[in-house]
Amino acid sequence: MTKKKYVPIPDDVEKVGKVVLDAAFKVHTALGPGLLESTYEAPMAYEIRKRGLTVATQVSVPVIYDGIKLETAFRLDLLVENCVIVELKAVEKMNPIYEAQLLTYLRLKNIRLGYLINFFVPRLKYGIKRMIV
């Protein structure tokens with residue numbers, strides 16, 4: 001088995017990731033923990049757009065099987081600049097299925113960088129998981 005060569009995330013994608021994190025910290029500071037996940041989505045999109053980036057929300061993620069595009073119930077929360085996926089959570093305890101979900105979205109959309117952000121925590125730095133494929 002050959003080991004896959006590591007390729008760093010491009011600087012322009014890293015900059016997008018930094019904007020996402022800055023927006024998340026601003027939203028968490030303003031709203032605090034404990035609200036519903038959907039409550040954080042609109043302010044996150046607003047803050048990211050305010051910083052000059054494009055954001056799509058509730059993006060459908062189709063599955064390609066045997067060369068056929070199959071529409072699924074998969075919807076990712078935020079797609080920023082078509083290069084960073086953000087999955088938002090507001091849960092007391094993170095479940096490994098959330099990481100698997102983000103990894104699946106990254107692979108299906110052919111995007112390398114994603115963030116799983118849980119707004120339920122008292123300090124947001126403990127609710128951020130960066131994922132790369």
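This is a predicted model: local features need pLDDT of at least 70, side-chain atom pairs count only at pLDDT 80 or more; totals for chains, interfaces and linings use all residues.
V20 touches M44, I48, V80, V84, V86, Y115 and I117, leaving out residues up to four places away in sequence.

V20 is part of the largest nonpolar core, which has 27 residues. The members that touch the most other members are V20, M44, I48, V80, V84, I117 and F119. The elements giving two or more residues to this core are α1, α2 (37-50), β4 (75-80), β5 (84-89) and β6. Helix α1 gives the largest share, seven residues. There is also a second, separate core of 13 residues. Among its members are V59, I85, V91 and M131.

## Overall layout

The protein chain has three helices and seven strands. From the N terminus on, the order is α-α-β-β-β-β-β-α-β-β. The radius of gyration is 15 Å, close to the 14 Å that the globule rule gives for 133 residues, so the chain is as compact as a globular protein of that length.

Along the principal axes, the C-alpha atoms fill a box of roughly 45 × 30 × 30 Å. Of the 133 residues, 39% are buried. Take the contacts between residues at least 6 apart in sequence: 57% of them join residues at least 24 apart.

F119 sits in the loop between β6 (113-118) and β7 (128-132). F119 is buried, because its relative accessible area is 0%, and buried means under 20%. Its contacts, not counting residues up to four places away in sequence, are A24, V27, H28, G32, P33, G34, Y40, M44, L88, K89, A90 and L124. C83 is another matter: F119 and C83 are 36 residues apart in sequence and 22 Å apart in space, C-alpha to C-alpha.

H28 lies in helix α1 (residues 11-31). H28 counts as buried because its relative accessibility is 7%. Leaving aside neighbours within four places in sequence, H28 is in contact with P33, F119, V121, P122, R123 and L124.

E47 lies in helix α2. Its relative accessible area is 8%, so E47 is buried. Apart from residues up to four places away in sequence, E47 touches A23, K26 and V27.

## L116 in strand β6

L116 belongs to strand β6. L116 counts as buried because its relative accessibility is 1%. Leaving aside neighbours within four places in sequence, its contacts are E87, K89, M94, Y98, E99, L102, G127, I128 and K129.

K89 shows how the fold brings parts of the sequence together. L116 and K89 are 27 residues apart in sequence, and their C-alpha atoms are 7.4 Å apart in space.

## Two residues with positive phi

Q58 is not a glycine, yet its phi is positive, at about 50°. Q58 is found in strand β1 (residues 55-60). Its relative accessible area is 33%, so Q58 is partly exposed.

E81 also has a positive phi without being a glycine, and here the value is about 55°. E81 is placed in the loop between β4 and β5. With a relative accessible area of 30%, E81 is partly exposed.

## The largest pocket

Rolling a probe the size of a water molecule over the atoms shows where empty space is left. In this model, the largest pocket holds about 180 Å³ of space. Its lining is made up of K4, K5, Y6, V7, R112, I132 and V133.

How many of the lining residues are nonpolar, polar and charged? Four are nonpolar, none is polar and three are charged.

Note on methods
Residues are numbered from 1 along each chain as its sequence is written. Side-chain values use heavy atoms; hydrogens and water are left out. Helices (H or I, at least four residues) and strands (E, at least two) are DSSP runs, numbered from the N terminus. Buried means under 20% relative accessible area, exposed over 50%, partly exposed in between (1.4 Å probe, protein chains only). Contact means heavy atoms within 4.5 Å. On a 1 Å grid over the protein atoms alone, a cavity is a set of points where a 1.4 Å probe fits but cannot get out, and a pocket is an open set with protein on both sides within 12 Å along at least five of seven lines; lining residues have an atom within 4 Å of a point. Grid points are joined across faces, edges and corners, and a volume is the space filled by probe spheres set on the points. Ala, Val, Leu, Ile, Met, Phe, Trp, Tyr, Cys and Pro count as nonpolar, Asp, Glu, Lys and Arg as charged, and the others, Gly among them, as polar. A nonpolar core is a set of buried Ala, Val, Leu, Ile, Met, Phe, Trp, Tyr and Cys residues joined through side-chain atoms within 4.5 Å. The radius of gyration is taken over C-alpha atoms; the globule rule is 2.2 Å times the number of residues to the power 0.38.
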